[in-house]
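This report goes through one protein structure for a reader who has not seen it before. Please look at the sequence and the structure first.

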Amino acid sequence: MAADAIFMTQGEDLVKLEETPYEKEMVLQRALERFPEVLAGSATTADGSSGKLLLLRREMPVPDSKGSWSMSLDHLFVDASATPVLVEVKRSTDTRIRREVVGQMFDYAANAVKYWPVEVLRQYLAETKKGDDPDQPIRDAFGPNVDVDEFWRQLEQNLRNGRIRMIFVADKLPDDLVRIIEFLNSKMQDVEVLGVEVPRFVSGETHIYVPRVVGVTAAAVDIKSGGTAGPHWS
């Protein structure tokens, strides 16, 4: 059970920080944009080796079969293995967080893996991380020896093979959404489906975020590692 409050020492004083809802969805979105470490870590990476994430774009346009770019994903990140990480953010008070957000995310994912041109993603990164060298953000995030062209080729291959990660983020995820996330993640080998709860605890000007990952069940780990979590239909 999640805590309603946490306690922090300041000198010899003990300060109580109470869980405080986000005033707007935008507050949580900006926190993720500035500090992707909130999402990152061994629990949200495919191989558990690197928890770094690089933001390609906020409000990432998603095309459809008719060529319209009318849909928009909250955040598109990429990890060190060039795996696209699709993130949708909702507050727990938003009624769409239960089932509508699942259909929305899969709509984005189905179109993204088929219609996102890697050249456009590369351009969006250059616009997000303004600088003289458009390849520098990748080296800054994942190391100076990264072969940037190979990195983008791998990202394109991951997209076309449907090798992606989908993350649902909220201050609190409802139980029925958690069950859906755990079920999907335990049945899909190439796609990771995870949830991250990011409650905020506040005392005056002090804000503390305490992320918790859901969906990393034993069955999901077995499937991702190539195990046999149960019988397979022929």
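The sections below cover a sheet, the helices on it, a hairpin and the salt bridges.

The model is predicted. It contains an open sheet of six strands, in the order S3-S4-S5-S6-S7-S10, and the pairing is mixed. Strand S3 (53–62) and strand S10 (212–214) are the edge strands, each pairing on one side only. From one strand to the next, the twist averages 30°.

Strands of a sheet pair through backbone hydrogen bonds, in either a parallel or an antiparallel sense. Strand S6 (residues 165–170) and strand S7 (residues 192–197) run parallel, and six bridges join them. Within this pairing, Arg165 has Glu192 in S7 as its bridge partner.

## Helices on the sheet

Two of the helices can be described by the strands they touch. Helix H3 (residues 118–128) packs on the sheet, where H3 touches S3 and strand S4 (71–79). The direction of H3 makes about 110° with that of S3.

Helix H6 (residues 175–187) also packs on the sheet, and the strands touched by H6 are S6, S7 and S10. Between the direction of H6 and that of S7 the angle is about 150°.

Strand S8 (residues 200–203) pairs with strand S2 (residues 13–19) in the antiparallel sense, over two bridges. In this pairing Glu18 stands opposite Val202 of S8.

S8 is also joined to strand S9 (residues 206–209) by four bridges, and S8 and S9 run antiparallel. Arg200 has Tyr209 in S9 as its bridge partner. S8 and S9 form a hairpin with two residues between them. In the turn, Gly204 has a positive phi of about 65°.

## Salt bridges

Side chains of opposite charge can pair when their charged atoms come close. How many salt bridges does the model have? The count comes to 13 salt bridges.

One of them involves Glu18, the residue that stands opposite Val202. The side chains of Glu18 and Lys16 meet in a salt bridge, at 3.6 Å from N to O. Is Glu18 buried or partly exposed? Glu18 counts as partly exposed because its relative accessibility is 44%. Lys16, at 42% relative accessibility, likewise counts as partly exposed.

Arg165 forms a salt bridge with Asp79, and the closest N and O atoms are 3.1 Å apart. Asp79 lies in strand S4 and Arg165 in strand S6, so this pair ties together parts that are 86 residues apart in sequence. Asp79 is buried, with a relative accessible area of 2%. Arg165 is buried as well, with a relative accessible area of 1%.

Arg165 forms a salt bridge with Glu192 too, where the closest N and O atoms are 2.5 Å apart. This pair links distant parts of the chain, with Arg165 in strand S6 and Glu192 in strand S7, 27 residues apart. Glu192 has a relative accessible area of 13%, so Glu192 is buried. Which residues do salt bridges with shared partners join into one network? They are Asp79, Arg165 and Glu192.

Conventions: Residues numbered from 1 in each chain as written. Predicted model: local features only at pLDDT ≥ 70, side-chain atom pairs only at ≥ 80, totals over all residues. Heavy atoms only, no water. Pairing = 2+ DSSP bridges. Axes fitted to C-alpha atoms, helices over the stretch in contact; angles between N-to-C directions. Contact = heavy atoms within 4.5 Å. Salt bridge = Lys/Arg side-chain N within 4 Å of Asp/Glu carboxyl O. Buried < 20%, exposed > 50% of the residue type's maximum accessible area, 1.4 Å probe, protein only.
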